[in-house]
Amino acid sequence: MTALQRRMKSVIERVGDTFTVGGVSHKGVVTLLNPTAARDYLAQSDIDSAPRPLRLAYAAFDDTTVVGNSVAWASITLTVRKLVEVRYIGSVIARLLVLY
């Protein structure tokens with residue numbers, strides 16, 4: 001684990017919300033994703049047909065969540081539609097989950 005991975009994981013553990021995937025608890029910083037920014041991650045047809053609001057979750061670099069998983073968070077269930085590995089100098093420092 002690099003120093004930056006450790007730092008990002010620590011921040012997510014400290015300020016993130018707990019969400020559940022397949023009965024296993026994970027931590028992530030969950031935020032809203034506006035439709036304009038969603039174009040960076042999803043096709044316009046997916047955005048148009050998606051229920052609102054769209055959400056993003058930043059998870060630790062070693063989080064095991066994959067596309068298609070159901071995520072239970074704040075009494076709602078969302079599906080991971082896209083997963084982006086956030087990289088810095090070749091190392092994955094966080095995983096970005098697009099949810100709706």
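Student: How many helices and strands are there in the protein chain?

Tutor: Helices (H or I, at least four residues) and strands (E, at least two) are DSSP runs, numbered from the N terminus. The protein chain has three helices and six strands. Read from the N terminus on, the order of elements is α-β-β-α-α-β-β-β-β. This is a predicted model, in which local features need pLDDT of at least 70 and side-chain atom pairs count only at pLDDT 80 or more, while totals for chains, interfaces and linings use all residues. Residues are numbered from 1 along each chain as its sequence is written, and side-chain values use heavy atoms, with hydrogens and water left out.

Student: What radius of gyration does the protein chain have, and what would a compact globule have?

Tutor: The radius of gyration is taken over C-alpha atoms, and the globule rule is 2.2 Å times the number of residues to the power 0.38. For 100 residues the rule gives a value near 13 Å, and the protein chain agrees, with 13 Å. Along its principal axes, the C-alpha trace spans about 40 × 30 × 20 Å.

Student: Which strands does β1 pair with?

Tutor: Two strands pair if DSSP finds at least two bridges between them. Strand β1 (residues 17-21) is joined to β4 by two bridges, and the two strands run antiparallel; within this pairing, Thr20 has Ala72 as its bridge partner. β1 also pairs with β2 (residues 24-33) in the antiparallel sense, over five bridges, and here Thr18 stands opposite Lys27. The hairpin of β1 and β2 has two residues between the strands, and Gly22 in the turn has a positive phi of about 60°.

Student: What is the partner of β4 in its hairpin, and which residue there takes a positive phi?

Tutor: The hairpin is formed by β4 and β5, with two residues between the strands, and Ala74 takes a positive phi near 50°. Four bridges pair β4 with β5 (residues 76-88) in the antiparallel sense. In that pairing, Val71 stands opposite Leu78.

Student: How many salt bridges does the count come to?

Tutor: A salt bridge is a side-chain nitrogen of Lys or Arg within 4 Å of a carboxyl oxygen of Asp or Glu. By this rule there are two salt bridges. One joins the side chains of Lys9 and Asp62, at 2.6 Å from N to O. This pair links distant parts of the chain, 53 residues apart: Lys9 lies in helix α1 (residues 3-15), and Asp62 in the loop between β3 (54-60) and β4 (70-73). Arg87 and Glu85 form a salt bridge at 3.0 Å, N to O.

Student: Why do Lys9 and Asp62 count as partly exposed?

Tutor: Lys9 counts as partly exposed because its relative accessibility is 24%. Asp62 is partly exposed because its relative accessible area is 39%. Glu85 is also partly exposed, at 37%.

Definitions and conventions: Buried < 20%, exposed > 50% of the residue type's maximum accessible area, 1.4 Å probe, protein only.
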